[in-house]
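Subject: Structure for your review

Dear colleague,

Please find the structure below, together with its sequence. My notes on what was found in it follow.

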Amino acid sequence: MNKLVKDRFDEFPENARIRLEALRGLVFDIASELDLGEVEESLKWEEPSYNVKTGSPLRLDWKTKSPDHYYLFFHCQTKLVDTFRELYSEELEFQGNRAIILPLSKPLPEAIIKQCLELALTYQQRKHLPLLGA
């Protein structure tokens, strides 16, 4: 893990850090399973950021102003969050066209989040498809 990213993870409260590390692990697992190449890990706006050549960047974060939630952020000029809302409005909570809001009090809906991460990591190949081919 990039030192700046590790330092940022170390700043999160333990319950949020564990959840965010699990999301990070899913990003790397999906990139490996789909043979998407190297995952670029960095900090953008002080948030851990992940990108592959075939995808759209995504970021992870926890905010002191909403300590009971953690977030998956997506590029707001993509169709990603609109697609996720269409597919998973019953299961997920959203912030505008840029984020999935996840409660720390509930288990990660792993299958759904894996699908969302896969669509983000392969966005360049899918952006022309209805519902991104989901």
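Is L108 buried, partly exposed or exposed? The relative accessibility of L108 is 21%, so this residue counts as partly exposed; the cut-off for buried is under 20%. Please bear in mind throughout that this is a predicted model.

L108 sits in the loop between β6 and α4. Although L108 and L23 are 85 residues apart in sequence, their C-alpha atoms are 9.0 Å apart in space. Leaving aside neighbours within four places in sequence, the contacts of L108 are R19, L23, L26, Y70, L102 and I113.

Helix α4

Helix α4 covers residues 110–121, 12 residues in total. From its first C-alpha to its last, α4 reaches 16 Å, close to the 16 Å expected at 1.5 Å a residue. Its buried residues are I112, I113, C116, L117, L119, A120 and L121. What covers them includes the helices α2 (14–33), α3 (80–88) and α5 (123–126), as well as the strands β3 (58–63), β4 (66–74) and β6 (99–103).

Two helices packed against α4

Two packed helices are described by the angle between their axes and the distance between the axes. The axes of α2 and α4 come within 10 Å and cross at roughly 60 degrees. That angle makes α2 oblique to α4, and the crossing is right-handed. On the α2 side, the residues that meet α4 are L23, L26, V27, I30, A31 and E33. On the α4 side, they are E110, I113, K114, L117, E118 and L121.

For α3 and α4, the axes come within 11 Å and cross at roughly 150 degrees. These two helices are therefore roughly antiparallel to each other, and α3 also passes α4 in a right-handed crossing. Here L80, F84, L87 and Y88 of α3 meet I112, Q115, C116, L119 and A120 of α4.

The nonpolar core

Which residues have the most contacts inside the largest nonpolar core? They are L58 and I100, in a core of 38 residues. The elements that give two or more residues to this core are α1 (3–11), α2, α3, α4, β3, β4 and β6. Beyond its neighbours within four places in sequence, L58 is in contact with residues that include V27, P48, S49 and Y50. Its other contacts include L72, F73 and F74, along with L117, A120 and L121.

S49, one of the contacts of L58, lies in strand β2 (residues 47–51). S49 is buried, with a relative accessible area of 4%. Apart from neighbours within four places in sequence, S49 is in contact with E40, E41, S42, K44, L58 and R59.

Buried charged residues

Where does D61 lie, and is D61 buried or exposed? D61 belongs to strand β3 and counts as buried, at 2% relative accessibility. D61 and Y71 are 10 residues apart in sequence, and their C-alpha atoms are 5.2 Å apart in space. Setting aside neighbours within four places in sequence, D61 is in contact with R8, F12, L20, E47, Y70, Y71 and F73.

R24, in helix α2, is buried as well, with a relative accessible area of 17%. Its contacts, again leaving aside neighbours within four places in sequence, are M1, F9, E41, Y50 and L60.

Positive phi angles

For D35, phi is about 55 degrees. This residue lies in the loop between α2 and β1 (40–44), and D35 is exposed, with a relative accessible area of 69%. For L131, phi is near 50 degrees. L131 lies in the segment after α5 and is partly exposed, with a relative accessible area of 37%.

Yours sincerely

Key. Residues are numbered from 1 along each chain as its sequence is written. This is a predicted model: local features need pLDDT of at least 70, side-chain atom pairs count only at pLDDT 80 or more; totals for chains, interfaces and linings use all residues. Side-chain values use heavy atoms; hydrogens and water are left out. Helices (H or I, at least four residues) and strands (E, at least two) are DSSP runs, numbered from the N terminus. The expected span of a helix is 1.5 Å times one less than its number of residues. Buried means under 20% relative accessible area, exposed over 50%, partly exposed in between (1.4 Å probe, protein chains only). Contact means heavy atoms within 4.5 Å. A nonpolar core is a set of buried Ala, Val, Leu, Ile, Met, Phe, Trp, Tyr and Cys residues joined through side-chain atoms within 4.5 Å. Axes are lines fitted to C-alpha atoms, for helices over the stretch in contact, and angles run from 0 to 180 degrees between N-to-C directions. Angles under 35 degrees count as roughly parallel, over 145 as roughly antiparallel, 65 to 115 as roughly perpendicular and the rest as oblique. A crossing is left-handed if the near helix is turned anticlockwise from the far one by less than a right angle, and right-handed if clockwise.
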